[in-house]
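Colleague: Could we go through this structure together? I would like to begin with its nonpolar interior.
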Amino acid sequence: MDPAATAILGSSLRTSYRLFVPQPPLPAALPGRMNVIDHVRDMAAAGLHSNVRLLSSLLLTMSNNNPELFSPSQKYQLLVYHADSLFHDKEYRNAVSKYTMALQQKKALSKTSKVRPSTGNSTSTPQSQCLPSEIEVKYKMAECYTMLKQDKDAIAILDGIPSRQRTPKINMMLANLYKKAGQERPSVTSYKEVLRQCPLALDAILGLLSLSVKGAEVASMTMNVIQTVPNLDWLSVWIKAYAFVHTGDNSRAINTICSLEKKSLLRDNVDLLGSLADLYFRAGDNKNSVLKFEQAQMLDPYLIKGMDVYGYLLAREGRLEDVENLGCRLFNISDQHAEPWVVSGCHSFYSKRYSRALYLGAKAIQLNSNSVQALLLKGAALRNMAFYVLFFSGLIECYLASNSIREAMVMANNVYKTLGANAQTLTLLATVCLEDPVTQEKAKTLLDKALNQRPDYIKAVVKKAELLSREQKYEDGIALLRNALANQSDCVLHRILGDFLVAVNEYQEAMDQYSIALSLDPNDQKSLEGMQKMEKEESPTDATQEEDVDDMEGSGEEGDLEGSDSEAAQWADQEQWFGMQ
């Protein structure tokens, strides 16, 4: 047979064979037929976020310069993948902007009946029609808002998702946000919806118990899964234990968790041991609390939860070396939790380094505003710093009284450098600067800074008023004092305001201020002296009035004097006010 005919016959037989013999499926799109959007999607799925960010940025610019280059669906995908890469880089505000643009593009896409052909990507694969979920985009936006601490915006975006379209993670986020905002009823509803979809969502169970939902009601929502899934007989006891925890019944909670912990299947569970340690701490049994914390961290060397309480207990016992080691270990695990900062803060606090303890406590609060131990640490540091400043204020006053201005300045500068620039330290340093004419301007600057931080700080107001009095800027001093007294009432401020009012001849209001000062502190000698001085020294208006009366008496015009009842009443009021009767 002719070779060409043989080749044709063989080809025909192979084709017929393929028609009847099943072949393996081809890939959805061959590499040569993939468009650029498919490549972006594949890189995003592979976790190549930095690559996605660079390429999608370039493609979006191309699309802006030539709107016909990509179809609406392709541009929507580009925006979502670009926003996802920004989210991965923790650029949350930028990500929100791009997600918003993507949702706007999706609205435009829904109005388009068919996909427009693209100039540079004429071939479209089935994958290109699998658009990112709009629900998922809104969830990512809500995550961005929570990271930006814009909880109201997060709630608003999730509320916009119809109830039937909310996934368990959306309901869980909503429940937590509602709870944080104090909206208990919608929070309970969302937690229950999570349990309806996922009956073993234990954190949702804890959320319901924390909102005072009865343990029996919560247990009833998990009854079906307990009865159908083996080895879950412990769950009802677990719910009962944490119901006692959230009702404050520490004793019964401890007993119930101990009964769980003794069961062979749940023995040495780190979460149960941590809960026991926390309950012993609440009950005031610090010894058992430390033992349980030690047991838990031996089982899990990377444990972070509850270690702030453990560090505090160790610091109270004076085991500062152990506290320091614990803090270093926790920082090596993660510095994005409040616990390492609190532990290090406890070490600083009990080492009497209160300014550092304050900084560490504030940092912990930034990471977790609900951290009780962080809030307590910051409060304790502030309290002890106040005592620290008060102590050195007394020493500085002694130096000033003995005219040792140089020594007072050295000490005030040391306090300022140690505790930082706060209203107290600024005022303390300004007090010393006021004693030297060369540093008057510096004192003014320091006091202005102090009042910017705390406009109601009385010591700063008093010193600023003293400075204005030296400069004879009485109107400025009156404005300063009135502003300070707008939201508080203080004997010293009222008395100084009285002195300033006397200086501008506002005698009646000055008398009012002295009276208020004495009502606040009847033993305030300076207010009493100011009032007595005003009683003895007549104002120019009084002197003029008395001269007019003498002239009238000398001329014998008694009738005119007696003729006006209103004038007589006015004189009687004035005599009574100034103590002349």
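Modeller: First, a term: a nonpolar core is a set of buried Ala, Val, Leu, Ile, Met, Phe, Trp, Tyr and Cys residues joined through side-chain atoms within 4.5 Å. Buried means under 20% relative accessible area, exposed over 50%, and partly exposed in between (1.4 Å probe, protein chains only). This is a predicted model, in which local features need pLDDT of at least 70 and side-chain atom pairs count only at pLDDT 80 or more, while totals for chains, interfaces and linings use all residues. Residues are numbered from 1 along each chain as its sequence is written, and side-chain values use heavy atoms, with hydrogens and water left out.

Colleague: Which residues touch the most other members of the largest nonpolar core?

Modeller: They are Ile396, Val432, Val461 and Leu481, out of 53 residues in that core. Helix α21 gives the most to this core, with 8 residues; helices here are DSSP runs (H or I, at least four residues), numbered from the N terminus.

Colleague: What is Ile396 in contact with, leaving aside its neighbours within four places in sequence?

Modeller: Ile396 is in contact (heavy atoms within 4.5 Å) with Ala408, Met411, Ala412, Leu428 and Val432. There is also a second, separate core of 39 residues, which includes Val40, Tyr76, Leu78 and Ala142.

Colleague: Turning to charges, how many salt bridges does a search of the whole structure find?

Modeller: The search finds 20, a salt bridge being a side-chain nitrogen of Lys or Arg within 4 Å of a carboxyl oxygen of Asp or Glu. One of them joins Arg53 and Glu91, with the closest N and O atoms 2.9 Å apart. Arg53 lies in helix α3 (residues 49-65) and Glu91 in the loop between α4 (72-88) and α5 (92-110), so the pair ties together parts that are 38 residues apart in sequence.

Colleague: Which residues are linked in a network of salt bridges?

Modeller: The network links Glu294, Glu317, Arg319 and Asp322.

Terms used
Helix = DSSP H or I, 4+ residues; strand = E, 2+ residues; numbered from the N terminus.
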